[in-house]
Amino acid sequence: MNKITIIGGGNLGKSIIYGLANSDLFEAKNITVVDKSKHNLEEVAEKFGVSTSQDIVTSIKQVKWVILCVQPRQLNAVLQEITDIVTNDQILISTVTGTSMAEINEVVPNNTVIRVMPNTGAAKRLSMTCISASEDAREELDFVEKMFNTIGKTLVIEERLMQAATVLGASGIAFFLRFLRAMIQGGIQMGFHPHEAQIIAVQTAIGAATLVAENDTHPEREIDKVTTPQGCTIEGLNEMEHQGLSSSVIKGVMASYEKINTIK
Ligand SMILES: NC(=O)c1ccc[n+]([C@@H]2O[C@H](COP(=O)([O-])OP(=O)(O)OC[C@H]3O[C@@H](n4cnc5c(N)ncnc54)[C@H](OP(=O)(O)O)[C@@H]3O)[C@@H](O)[C@H]2O)c1
């Protein structure tokens with residue numbers, strides 16, 4: 001019964017399908033995607049050879065894993081639709097932002113729920129996906145890690161940190177991109193054409209992140225390697241800090257965290 005149904009074949013759903021369909025975890029025919037949109041279904045069927053349906057009820061029969069991949073405001077309707085038909089051995093994997101395992105279990109009480117928080121890097125198999133599950137779901141958790149390793153890196157965290165993971169990992173994509181845009185603008189002001197500035201800034205960002213990731217080092221160690229005493233790099237870095245770079249990033253992260261805790 002190693003079958004999976006993904007309810008919601010939108011932006012994130014498509015990335016997950018891409019990872020799973022190209023892995024050896026499931027045969028493509030054992031992956032079913034449910035969506036309201038025929039266009040989405042035709043696209044995933046054509047690209048990945050998966051099964052598709054517009055009917056949630058029939059699609060989750062005889063399936064071990066069900067991924068909930070709809071918008072937060074759409075979740076309750078989906079849970080109401082499945083609550084009378086899910087069997088206790090079916091595992092629900094929720095990607096939905098801001099809804100706890102306990103809240104899902106209020107509607108679907110007898111099923112194990114595992115929460116995952118990927119980011120849009122998933123589309124390039126570079127997601128950072130944080131995962132949490134209850135203590136009694138160890139075995140299932142191992143398999144869910146394997147599933148999400150097909151679209152990037154995973155980290156198991158306590159559920160109390162899921163909102164923080166959303167800010168750091170999912171919103172984090174936007175935060176890094178805004179910094180990237182600023183670098184591009186600086187490059188243009190120094191004389192590069194926008195396209196050239198973008199090529200340089202993007203590759204430099206990839207290089208910087210890869211140095212930290214692959215050397216398993218602290219960013220400051222890599223910074224030390226490029227800051228010649230009295231040189232131009234330290235001059236620029238110190239000016240950025242005088243203007244509040246680290247402070248504004250930390251304040252932005254915390255503002256985002258305060259906001260997410262008020263969203264329901
Ligand atoms: N995108 C991200 O980077 C990201 C990261 C982490 C977590 N998440 C979470 O992942 C979830 C999905 O995000 P997304 O960006 O993929 O959303 P999305 O693009 O809007 O995709 C959701 C899809 O589900 C369909 N749908 C909704 N209700 C349905 C139902 N009852 N039956 C069948 N299909 C249904 C929607 O159809 P209609 O559009 O016709 O309603 C839509 O095609 C959200 O809860 C989000 O918070 C997203």
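A search of the whole structure finds seven salt bridges, a salt bridge being a side-chain nitrogen of Lys or Arg within 4 Å of a carboxyl oxygen of Asp or Glu. The structure is a predicted model, in which local features need pLDDT of at least 70 and side-chain atom pairs count only at pLDDT 80 or more, while totals for chains, interfaces and linings use all residues. Residues are numbered from 1 along each chain as its sequence is written, and side-chain values use heavy atoms, with hydrogens and water left out.

**Overall build**

- The protein has eleven helices and eight strands, where helices (H or I, at least four residues) and strands (E, at least two) are DSSP runs numbered from the N terminus.
- Taken along the principal axes, the C-alpha atoms fill a box of roughly 70 × 40 × 30 Å.
- Of the 264 residues, 39% count as buried; buried means under 20% relative accessible area, exposed means over 50%, and partly exposed lies in between, with a 1.4 Å probe and protein chains only.
- Among contacts with a separation of 6 or more, 61% come from residues 24 or more positions apart, a contact meaning heavy atoms within 4.5 Å.

**The two domains**

- The protein is divided into domain 1 (4–157) and domain 2 (165–260), with bounds that come from an automatic or database domain assignment.
- The centres of domain 1 and domain 2, taken over C-alpha atoms, are separated by 33 Å, and their contact takes eight residues from domain 1 and six residues from domain 2.
- Between them the domains bury about 450 Å², 76% of it on carbon and sulfur atoms; buried area is the accessible area (1.4 Å probe) that two parts lose on being put together, summed over both.
- Thr-97, Met-117 and Asn-119 supply 60% of the area that domain 1 buries against domain 2, which is more than any other three residues.
- Zero salt bridges are counted between domain 1 and domain 2, and one residue pair, with both residues at pLDDT 80 or more, is in polar contact.
- A polar contact is a pair of N or O atoms within 3.5 Å; within protein, one must be able to donate a hydrogen and the other to accept it, and residues adjacent in sequence count only if both atoms are side-chain atoms.

**Helix H2 and its surroundings**

- Helix H2 (residues 38–48) has as its buried residues Asn-40, Leu-41, Val-44 and Phe-48.
- Seen down the axis of H2, these buried residues fall within an arc of 95°, so they line one face of the helix; the arc is that of the directions from the helix axis to the C-beta atoms.
- On the face of H2 turned away from the buried side are the exposed residues Lys-38, His-39, Glu-42 and Glu-46.
- The cover over the buried residues of H2 includes helix H1 (11–21), strand S2 (31–34) and strand S3 (51–53).
- The N-terminal end of H2 is capped by Ser-37, which has a side-chain oxygen 3.3 Å from the backbone nitrogen of His-39, and just after H2 Gly-49 takes a positive phi of about 70°.
- In the loop between H1 and S2 is Ser-23, which counts as buried at 17% relative accessibility and whose side chain reaches the backbone oxygen of Leu-20 at 2.7 Å.

**Individual salt bridges**

- Lys-14 and Glu-43 meet through their side chains in a salt bridge (3.4 Å, N to O).
- Lys-14 lies in helix H1 and Glu-43 in helix H2, so this pair ties together parts that are 29 residues apart in sequence.
- Lys-14 counts as buried at 18% relative accessibility, whereas Glu-43 is partly exposed, with a relative accessible area of 24%.
- Arg-115 forms a salt bridge with Glu-159, and the closest N and O atoms are 2.9 Å apart.
- That pair links distant parts of the chain, with Arg-115 in strand S6 (residues 113–117) and Glu-159 in the loop between strand S8 (152–156) and helix H7 (162–190), 44 residues apart.
- Arg-115 is buried, with a relative accessible area of 5%, while Glu-159 counts as partly exposed at 25% relative accessibility.
- Asp-142 and Arg-138 meet in a side-chain salt bridge (3.9 Å, N to O), and both lie in helix H6 (residues 138–149), four residues apart, about one turn of the helix.
- Salt bridges that share partners also join Lys-14, Glu-43 and Lys-47 into one network.
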